[in-house]
Amino acid sequence: MLRRLLALVAALAPLVAGTPARAFSLSEIAPGAYAHQGETSLMTRENAGDIANLGAIVGDESVAVIDTGGSLIEGRAFLAALREKTQKPIRYVINTHAHPDHTFGNGAFVETGATFVGHKNLPRALAARGPHYLSAFRAQMGDALDGVTIVPPTLTVDQTLTLDLGHREIVLQAWRTAHSECDLTILDPKSGVLFSGDLLFLQHVPVVDGSLLGFLDVADRLAAIKATQVVAGHGPLPAPWPKALDDQRAYLMRLTADLRAAIKKGEGVAAAAKTAGAEEREKWRLFDDYNARNATAGFAELEWEGP
Amino acid sequence: MNIAARSAAGALFALLASAALAQTAPDPWPELVVDIFHSRPIAAADGVIALDAPARAEDAAIVPMTMRFADPSRIKVATLVIDQNPMPMAAAFTLGEKSGVGFIETRVRVNSYSNVHAVAETGDGKLRADAKFVKASGGCSAPAVKDEDEAVANLGKMKYREFKSADPAKREAQIMIRHPNSSGMQMDPVSRAYLPAHFIDSVEVFQGDAPIFKMEGGISLSEDPTFRFTYAPNGAKTIRVEAHDNKGGVYKGEWPIGEAS
């Protein structure tokens, strides 16, 4: 299994300095724009938390890393793979939001001296959730969680922020609560690649950990971004833009419509969570892991609609 | 705590759960009986109280729990305890005399694999308990506030809903209160100080001037505390709510009782 090899190579990396992380795939999707596709799965010991897509953008002078993976093991493998591609200094490590599959590898990049960057709400989200994540994921990840630390950003984004990597300016944009309360996108105008973080899911059922209505709204506004392809938070990459948004929008709209109907009928949250969105089941992977959760949170949100 | 004093089902559940938890966490229930119920004996539920809980917490921050009462006139207080939470006593509901509350549904945070106990104090002063084991949610689900800015911006807003009751002799209603109900156990990343807790600690619900229930609770209740319940109508024209939080906030609401049910 590729993931096992990845974990092994990464685990050995500190012992065998300079070990090339051949198992960690990092493709150049456009000149100077790199992406890694995570496995569509839950975080486990076997995959060392490698379930999210990661990226890097290389300018004339420096490098920006986009998300760091779900463990120190994966973060180190990512760093090693990136070093095979470029020796330019890593100036920024950008987290698209607080979730563990995107931030647990941060520790691997501390020694690069990079500045950690995130949404203005990211420090708060990491403070509120980090300790819970560290204890909750121990059960399913075991020793693959060893060494993981919560590394908050020191540079935060209120609305937009442009970072210059040397003749390559990338645009960071902070969004209202949607997938989470700290979603940040990264646009690389030079290549036309948008790194959406978890504001876009492909194949992996979307996860709502912020606001169902906010997610719908932000995803619609994302469509206006002038990009040609997108690296989603989860799923195949790169994908055509903005066409890639369609399936997710259909899911979120179905879920919203079903929940509104259930609320109108006077159903309780537990009953509604079992049925809302069910029509979308065959279209997505990990549906049974997340749909009832999305429905539960969505129900509590939508119940406040109307008089 | 006396195992024999608990319901067979509850005890079995607890034993299985204890076995499952043995490697990670000791069973806190014996100490909770001391702390919350002053070591009083707790008998089997015996149909007096029943707890509906999901087998798995889908969203750790919003886990629906329903306590059902076969004969509401026998119940004085119904207490919901999430054994493994940092603040296990989620809510204690003191039922109004003749309120006829058939069930109370609320939503709680469940931090990890945990037994949940519903404990009834009956008119004779005895305690009876039902228990369910709830598996923790997976993935990146955390028992945290979804959108802290919005929670604060909407602080204290209330909503009242009515439903057609399955029992024609009763009315069914729901009270919702906007509140972050935050634990405060997190560190402010800028000041490095621990944020103060901010949560609803009491909610009184009346029909006219007659109390339906008084809830006393804490941070294990989900954000935007919500209570759905049935009650026996006494002819009053309005439902009235008064809620308090631990910072002295007072939130009031009053709504006309509809004709729907």
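# Sheets, helices and the A–B contact

In strand S6 of chain A, A:Phe116 is the bridge partner of A:Val93. The model is a predicted one, in which local features need pLDDT of at least 70 and side-chain atom pairs count only at pLDDT 80 or more, while totals for chains, interfaces and linings use all residues. Residues are numbered from 1 along each chain as its sequence is written, and chains are lettered from A and ligands numbered from 1 in the order in which they are written.

The bridge between A:Val93 and A:Phe116 belongs to the pairing of strand S5 (residues 90-94) with strand S6 (residues 115-119) of chain A, which is parallel and has three bridges. Strands here are DSSP runs of E with at least two residues, helices are runs of H or I with at least four, and both are numbered from the N terminus. Two strands pair if DSSP finds at least two bridges between them. In chain A, an open sheet of seven strands has the order S1-S2-S3-S4-S5-S6-S7, with mixed pairing. Strand S1 (27-30) and strand S7 (155-157) of chain A are the edge strands, each pairing on one side only. On average, neighbouring strands of this sheet are turned by 25 degrees against each other, direction ignored.

The helices of chain A come next. Two packed helices are described by the angle between their axes and the distance between the axes. Axes are lines fitted to C-alpha atoms, for helices over the stretch in contact, and angles run from 0 to 180 degrees between N-to-C directions. Helix H5 (residues 212-222) and helix H6 of chain A have axes that come within 10 Å and cross at roughly 150 degrees. H5(A) and H6(A) are therefore roughly antiparallel to each other; angles under 35 degrees count as roughly parallel, over 145 as roughly antiparallel, 65 to 115 as roughly perpendicular and the rest as oblique. From H5(A), A:Leu212, A:Phe215, A:Leu216 and A:Ala219 meet residues of H6(A), including A:Leu252, A:Leu255 and A:Thr256. Two residues are in contact if their C-beta atoms, placed from the backbone, lie within 7 Å.

Helix H6 (residues 246-265) also packs with helix H8 (residues 287-302) of chain A: the axes come within 10 Å and cross at roughly 60 degrees. That angle makes H6(A) oblique to H8(A). Among the residues making this contact are A:Leu255 and A:Thr256 of H6(A) and A:Gly298 and A:Phe299 of H8(A).

In chain B, strand S7 (residues 114-122) and S8(B) run antiparallel and are joined by eight bridges, with B:Ala118 opposite B:Asp130 in S8(B). S7(B) and S8(B) form a hairpin with four residues between them, and B:Gly125 in the turn has a positive phi of about 85 degrees. S8(B) also pairs with strand S1 (residues 42-44) of chain B, in the parallel sense over three bridges; there B:Ala44 has B:Ala129 as its bridge partner. Why is strand S8 (residues 127-134) of chain B largely enclosed by the rest of the structure? Six of its eight residues are buried, where buried means 20 or more other C-beta atoms within 10 Å of a residue's own, exposed means 12 or fewer, and partly exposed lies in between, with C-beta atoms placed from the backbone. B:Asn115 lies in strand S7 of chain B and counts as buried because it has 25 C-beta neighbours inside 10 Å.

Finally, the contact between the chains takes 31 residues from chain B and 31 residues from chain A. Helix H3 (148-153) and strand S9 (158-163) of chain B each supply at least two residues of the side of chain B that touches chain A.
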